[in-house]
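Please consult the sequence and structure shown here while reading.

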Amino acid sequence: LDEVSRTGFAVSSTSIDVGTRMMDGDPSTGRLADVLPNNGVPVFWERQYLRSDLSETLRGYLQDLHSDTVDGSGIFGDLFSQAFVDIWNKTDSLETTLANVQVGAFTGDDAQDMQDTIKQVAKLIVARQERGNGINRDVFYVEMGGYDAHSSVFSNLNSNLPVLNSALNNFWDDMKSQGLENKVTVVQGSEFGRTITPNSNAGSDHAWGGNYFVFGGEIEGTKILGKYPESFGANSPTNIGRGRILPTTSWDALWYGIGQWFGVTDFGGLERVLPNSGNFGCDLFTDTDIFTSGTNTNVRGCGGPMIQSTFDFSMANPRFLTGGEQKSICRLAVDIAAKRLKLDGPQDVRCYVSDQRVTPYTTNKGVDLFLVEGDAVLNFDASVKNVNQGVVNTISRLASDLAAEFVVLGASVETQAPSIAPSPLPV
């Protein structure tokens with residue numbers, strides 16, 4: 001939302017019944033998601049524990065308390081009062097707006113709570129033009145608990161899934177009746193998968209990889225994206241024990257294409273929205289992979305040669321490189337590649353680190369050290385032609401030298417690169 005707002009879109013984010021940090025904007029923007037209950041917009045002074053004759057009295061007290069600044073006011077008090085008044089005005093406006101919105105019945109034979117939650121989202125979507133100055137980029141978050149089935153998983157799913165299905169079916173019927181189905185995408189996810197094999201209580205325990213469902217009017221459906229496990233057997237390379245399946249597709253891969261559909265199309269914007277997407281090379285989905293209306297057929301920095309080269313560091317203590325160190329090595333490699341190959345910029349190269357190895361060895365002087373090695377995998381854009389293994393080996397060695405000096409704590413490297421003046425770290 002921060003990115004599309006920079007290009008002129010009016011944005012909003014709303015979470016129903018529960019707050020979530022993934023909905024908040026960059027801390028520098030101060031933009032936080034609104035949190036609404038599923039039964040409507042709450043008004044601060046209309047509380048069940050207040051007698052009716054006290055409601056308006058409380059309203060008057062609040063107006064006096066948060067009115068104009070006086071000599072005894074402080075900056076923190078003023079800031080709090082301004083935030084309170086802003087929320088007050090927004091609440092009053094939203095309450096009036098939603099009171100006049102008509103949507104479907106949203107009823108079913110199952111629990112009404114989920115129906116009410118999804119109904120609130122439908123009402124907010126229908127009222128998008130009346131909210132604020134008109135919203136044209138909206139994000140909503142809802143959640144449904146009760147799936148942590150460490151026992152009786154079948155009865156759990158038989159109880160919960162019909163509730164979810166009924167609420168989503170009502171929601172989608174409403175979107176179609178409003179003519180909005182091509183403007184809405186729904187993503188279902190979970191924070192972790194479940195074991196394929198049961199426990200002794202006929203339940204399923206915490207695992208790793210899982211699957212996610214996406215639907216919408218412009219979704220190119222009826223297909224599986226990513227690599228489906230070849231087997232769920234004990235000898236499968238993706239089964240790491242007890243039916244815990246190793247993920248083969250990143251969460252970033254899905255959001256890369258959805259981000260493009262949403263309006264984040266430039267390389268820098270996608271990197272800011274998905275700062276970890278570089279860790280997965282070209283294993284990302286474009287909007288063309290996901291949507292019938294997609295226009296981006298390739299990930300920038302992909303489609304050309306993919307060449308890997310080994311880097312190494314000597315360390316006194318055995319350890320793998322941290323995620324931050326891996327990213328920094330790749331930033332160095334990409335920056336060096338862009339300069340040496342005279343590319344348009346870092347967007348023409350993607351880099352990630354794979355297959356780290358730690359091997360003990362003794363130097364000629366009898367010092368015991370550890371050799372930490374890894375493979376830097378560089379993907380190049382289809383427009384890049386003047387690259388080969390030798391060039392990538394040089395890039396990797398230069399990046400290793402700089403990383404040993406500036407990035408990797410406690411590392412040293414025996415340089416094989418030509419003598420050059422150290423380059424500043426990329427920002």
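Q: Over how many bridges do S6 and S8 pair?
A: This is a predicted model. Within it, S6 and S8 pair in the antiparallel sense. The number of bridges between S6 and S8 is 11.

Q: Which strands are the edge strands of the sheet?
A: The sheet is open, has four strands and shows antiparallel pairing. Its order is S7-S8-S6-S9. An edge strand pairs on one side only, and the strands that do so are S7 and S9 (411-412).

Q: What angle does the direction of H10 make with that of S6?
A: H10 spans residues 389-406. H10 packs on the sheet, where it touches S6, S8 and S9. Relative to the direction of S6, the angle is about 40°.

Q: Which residue in the turn between S7 and S8 has a positive phi?
A: Strand S7 (residues 349-362) and strand S8 (residues 368-381) run antiparallel and are joined by 12 bridges. Thr359, for example, has Leu371 in S8 as its bridge partner. The two strands form a hairpin with five residues between them. The residue in the turn with a positive phi, of about 80°, is Gly366.

Q: Which residues have the most contacts inside the largest nonpolar core?
A: In soluble globular proteins, nonpolar side chains tend to be buried together. Here the largest nonpolar core has 33 residues. The elements that give two or more residues to this core are S6 (303-315), H9 (323-340), S7, S8 and H10. Those with the most contacts inside the core are Phe313, Leu321, Phe380 and Val408.

Q: How many residues does the second, separate core have?
A: Among the members of this second core are Val41, Leu98, Val163 and Leu164. Val163 and Leu164 also belong to the H5 side of the contact with H4. The number of residues in this separate core is 23.

Q: Is H4 roughly parallel or roughly antiparallel to H5?
A: Helix H4 (residues 112-126) and helix H5 (residues 153-177) pack with their axes 9 Å apart, at an angle of about 20°. Angles under 35 degrees count as roughly parallel. H4 is therefore, relative to H5, roughly parallel.

Q: What is the handedness of the crossing in which H4 passes H5?
A: The H4 side of the contact includes Met114, Ile118 and Val121, and the H5 side includes Ala167, Phe171 and Met175. The crossing in which H4 passes H5 is right-handed.

Methods: Residues numbered from 1 in each chain as written. Predicted model: local features only at pLDDT ≥ 70, side-chain atom pairs only at ≥ 80, totals over all residues. Heavy atoms only, no water. Pairing = 2+ DSSP bridges. Core = buried A, V, L, I, M, F, W, Y, C linked by side-chain atoms within 4.5 Å. Buried < 20%, exposed > 50% of the residue type's maximum accessible area, 1.4 Å probe, protein only. Axes fitted to C-alpha atoms, helices over the stretch in contact; angles between N-to-C directions. Parallel < 35°, antiparallel > 145°, perpendicular 65-115°, else oblique. Left-handed = near helix turned anticlockwise from the far one by under 90°. Contact = heavy atoms within 4.5 Å.
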